[in-house]
Amino acid sequence: MAADLGELLVPYMPTIRVPRTGDRVFKSECAFSFDSPESEGGLYVCMNTFLGFGREHVERHYRKTGQSVYMHLKRHVKEKNTGAAGGAIPRRKNGKVFLDLELNRDFNGEDFEYEDEAKLVIFPDHFEIPLPNIEELPALVTIACDAVLNAPSAYKKQEPESWEEEIQVSRHARSLRQLDNAVRIPPSGWKCQKCEMRENLWLNLTDGTVLCGKWFFDGSGGNGHALEHYKETKYPLAVKMDTITPDGADVYSFEEEEAVLDPHISDHLSHFGIDMLQMQKKTENGHHTDNNSRPRVSEWEVIQESGMKLKAVFGSGYTGIKNLGNSCYLGTVMQVLFSIPDFQRMYVGNLQRIFDYSPLDPSQDFATQMAKLGHGLLSGQYSKPPMKSELIEQVMKEEYKHQQKGVSPRMLKSLVSRAHPEFSSSRQQDAQEFLMHVINIVERNSAGSENPSDAFRFLVEERLQCCQSRRVRYSQRVDYCIQLPAPFEAATNREELLAYEAKRREAEENMRAPPEPVRARIPFTACLQAFTEPDNVPDFWSSALQAKSAGVKTSRFASFPEYLILQIKKFTFGVDWVPKKLDLAIDVPDFLDLSRMRATGLQAGEEELPDLLPPIVLPEDTRDNSMGSADSPEIDEAAAMQLAEMGFPVEACRKAVYYTGNMGPEMAFNWIIAHMEEPDFAEPLTLPSMIDLGPSISDSPMGATPLGNSPPEESIAILTSMGFPRTHSIQALKATNNNLERALDWIFTHPEEEESDVLSDMA
């Protein structure tokens, strides 16, 4: 018999592989369905690709690839027979067969026992070879079978590669000195303390200064003030502001010149009022916990209708999604998407075509995995009522507790969260962020075909208005979701809220139990009204004034989607950075009239803002400030003094005159009114140094060029800082009317000419 099996497997030996390090073995779930070893037909694992297939899909894989040898896995689950001793120990047959197996069924191991069965199946004749069969099988086949049976879960994260450089703990972390300067960092609204940058900001962990990072050649980054501050103070560690989470933050050591770890980051941040430990004290649903709060009926219990006898439902459209561990955001989003006809038609309606044209590895194909989940949710195949015999037996035992299996979308989660630092983790996530992430993937995978996410797509018209010139600018952007504020001042039960607050304070003073909380009830129309209200624009630069000014923005719908996704912003941050959920209820009417939110475009009598860009501000030269600085700015001192006589600080008046382009006291006065609340309002006017990256025109061998014909020195400096020759940069700017973007295109389409040609052109 051994010789017969050996001869039988000889033609297939080249297609049988032993799993190597990095190979994923899918022995718990079909690539096209949610069949598992527990399913009626079991699971077939290809001995070459190690993909798993249910009974109705294995033939498709055989026809497409020609792979003939599969391992058939079957698990028989039975309820344990309890004896007089109160139960027997679970019985296992071939106990190591399904090592590290993750299945779709939830059952209590104390109430069930199971038997595992494995065998090799050769297609197309379905010839079966029971396992284990060490004596009769060739050594290579035996080794391959044993490796497949003992392979870890396909969804376990791989260990990091040995060549990856690990971030080391900073030598300054343990002994870092922090100044007692009473600095407290707010949870939002940061900007560099030396300029007005609001991105790429770093918090120095010694003195709490917030400064911008270094400048990059493409104009991104910052002005290098964080590094400059280190050179002045030698305070070594800084943390990037937008990376601070309950799990840690990005820390950089200026002295060690690399990213580092700070084991004491929580203590270092709490010195400036950022309490990471409190940020972690949230429930799984993301709610801020309060140990002193009085236990009461939770929203979840109300939704679940706790204490009521509910009738279980089964069939098409009634299939649940199992929680994979803090994955309720994924289940919520997917149930919503597959309730939309566009997604049903795209993925479930085209199921056979998607499966037939799927790639060789369907586990990595987005369309296949979406079709698989959609079919699982809508077919009713995984939501079947119990058999009549099972139901009678359960009723007799008075323990009717049958629940549907549901589906476990591990394969889809692994695919859509790949390389995403948050969604690939097992932490709780925001459902709206995940929805936008999925829509982006749908967009990328729908090029040239029907795009189901168009059902959510709409255009937003944004109207910007300069408050001084009254001129406007209209623009449009694509969006899929609108975020609405929840205005507490619009609550319809304000008297109840005031009475509750008075009782709560009285209870605290008298050390009594707090009263039953009262929830604010806010009309949905008030949320919409808040969305349409004008919004102040920080750091608005008016092209009409050629200066910073006060600006407001209003938003309207330029088009309406078929399905409008709304998010009520019910979370806020306290001064201690701890996220807190606003306890409120939104009263949503059955019908909404959004006609008043429709965009109107440019109206009669409105004047558009000029299509001009803000002046280019170069970063300061942090390498050598002694190389020279820009010439003193031209300021109409008479206009500045006229404003100073009105009682404004002299330096503020000089800045107002400068930033309004010496257009007179009236325009400068408007600038002062718009910027009086800024912390640096009265500080002296500081302009960035000019970086001299090349010889001046007068020093060049080409001779002097009249000032009126010379491009702006700022533009020349930007191009030369990118590595382009000064003469070539001047040529490009002159040929494009000093337009930087067009000058770059000109440089790439006009390679540098011989010097003689340059001289003749510049003469």
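## A tour of the rings

Start by selecting Phe32 and Arg60: the charged end of Arg60 sits over the Phe32 ring, 5.3 Å from its centre. Your model is predicted, so local features need pLDDT of at least 70 and side-chain atom pairs count only at pLDDT 80 or more, while totals for chains, interfaces and linings use all residues. Residues are numbered from 1 along each chain as its sequence is written, and side-chain values use heavy atoms, with hydrogens and water left out.

Next, pick Tyr230 and Lys234. Lys234 lies over the face of Tyr230, at 5.2 Å from the ring centre.

Now for rings meeting rings. A search of the whole structure turns up 19 aromatic pairs. Rings of Phe, Tyr and Trp (its six-membered ring) pair if their centres lie within 6.5 Å; planes under 30 degrees apart are stacked, over 60 edge-to-face, and the rest tilted.

Select Phe423 and Phe434. Their centres are 5.2 Å apart and their planes at 80°, so this pair is edge-to-face. Both residues are buried, meaning under 20% relative accessible area (1.4 Å probe, protein chains only).

Move on to Phe458 and Phe557. With centres 5.3 Å apart and planes at 55°, the pair counts as tilted, because of that angle. Phe458 and Phe557 are both buried too.

Last stop: select Phe338, Phe343, Tyr347, Phe366 and Phe456, which ring pairs link into a cluster.

Key. Buried < 20%, exposed > 50% of the residue type's maximum accessible area, 1.4 Å probe, protein only. Lys NZ or Arg CZ within 6 Å of the ring centre and 35° of its normal.
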